[in-house]
Amino acid sequence: MRLGAHPDPAGALRVIAGYELNYDPADTEGRGWHHDRVRHLLGDEEPGEPVPGGPFAIACQLVHDYEFAEPKIMHAYFHHDAELLGRNMLLEGRFAILRFPMGVRVDAEVDEVRERADGTRERSWGWSYRTLEHHLERGRLVYEVIKNLDTGRVEFVMTGVSSRAKIPNPIVALGFGVFGRMTQTRFYRLAGRRLARLVAEIYAGGERPVPKRLGPGDVVVAPTD
């Protein structure tokens, strides 16, 4: 916990690279675990494969760059030029004037066509991360941009499994116990709204936000405020 932005994101990312997961992925059931799946409409395209420059393509780039996150709740530092799979990220949770650094690692990239329960097909692109040591939570979060190839509907889908981690600081533990779940669900809601707004603005000719580079290296911070 600190006041203000992280003073050395590049150094923190080097430390995070040595961290392990803070939970057992095979043990995510039972008391204290939340399973979430939240969908947000982003727009519509013609049926068939995604249209170049359409809502699906725009949303994929924004999700790759973590531009969907609500700036008042979360920022992320990462090496923008690194491969997506395996990318270490320093998340900076924000609550009032306090900042909470948390490490995560991208564990999978999704790029597939699959059949839905209703018989239609959908194209999905996205990625997921798992939480690392010293994170306030334990679990995995999947971000996907999904287009129904039969209807043209484009959505942003967030699928998460999470639980509170062991927090040594009693004040932080108390605050997270009171506000953690509320902030998590608010993050889902505002992320979907922000992404939908950005997709509409860019599709109408607006400029796409780009993560801000910090110094001469490739470390960036997103989202763009």
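**Entry 1: surface patch**

I take a patch to consist of residues with over 30% relative accessible area and no salt bridge, where like charges are joined within 9 Å and nonpolar side chains (Val, Leu, Ile, Met, Phe, Trp, Tyr) within 5 Å. A salt bridge is a side-chain nitrogen of Lys or Arg within 4 Å of a carboxyl oxygen of Asp or Glu. Accessible areas come from the Shrake-Rupley method with a 1.4 Å probe, and for residues only the protein chains shown count as cover.

I note that the model is predicted, that local features need pLDDT of at least 70 and side-chain atom pairs pLDDT 80 or more, while totals for chains, interfaces and linings use all residues. Residues are numbered from 1 along each chain as its sequence is written, and side-chain values use heavy atoms, with hydrogens and water left out.

I looked up the nonpolar surface patch and found Phe 95, Leu 174, Val 178, Phe 179 and Met 182, with about 490 Å² of accessible area together. Helix 3 (residues 170–203) gives the most to this patch, namely four residues; helices (H or I, at least four residues) and strands (E, at least two) are DSSP runs, numbered from the N terminus. Val 178 lies in helix 3 and is exposed, at a relative accessible area of 53%. Buried means under 20% relative accessible area, exposed over 50%, and partly exposed in between (1.4 Å probe, protein chains only).

**Entry 2: aromatic rings**

I searched the whole structure for aromatic pairs and recorded eleven. Rings of Phe, Tyr and Trp (its six-membered ring) pair if their centres lie within 6.5 Å; planes under 30 degrees apart count as stacked, over 60 as edge-to-face and the rest as tilted. Tyr 23 and Trp 33 form a tilted pair, 6.2 Å centre to centre with 50° between the planes. Both Tyr 23 and Trp 33 are buried.

I also traced a cluster, linked by ring pairs, of Tyr 66, Phe 68, Trp 127, Tyr 129, Tyr 143 and Phe 156. Arg 87 lies over the face of Trp 127, at 5.3 Å from the ring centre, and over the face of Phe 78, at 4.1 Å. A charge sits over a ring if NZ of Lys or CZ of Arg is within 6 Å of the ring centre and within 35 degrees of the ring normal.

**Entry 3: backbone**

Tyr 66 has a positive phi of about 60° although it is not a glycine. I place Tyr 66 in the loop between helix 2 (55–64) and strand 3 (74–79), and Tyr 66 is buried, with a relative accessible area of 0%. His 134 has a positive phi near 75° and counts as exposed, at 59% relative accessibility.
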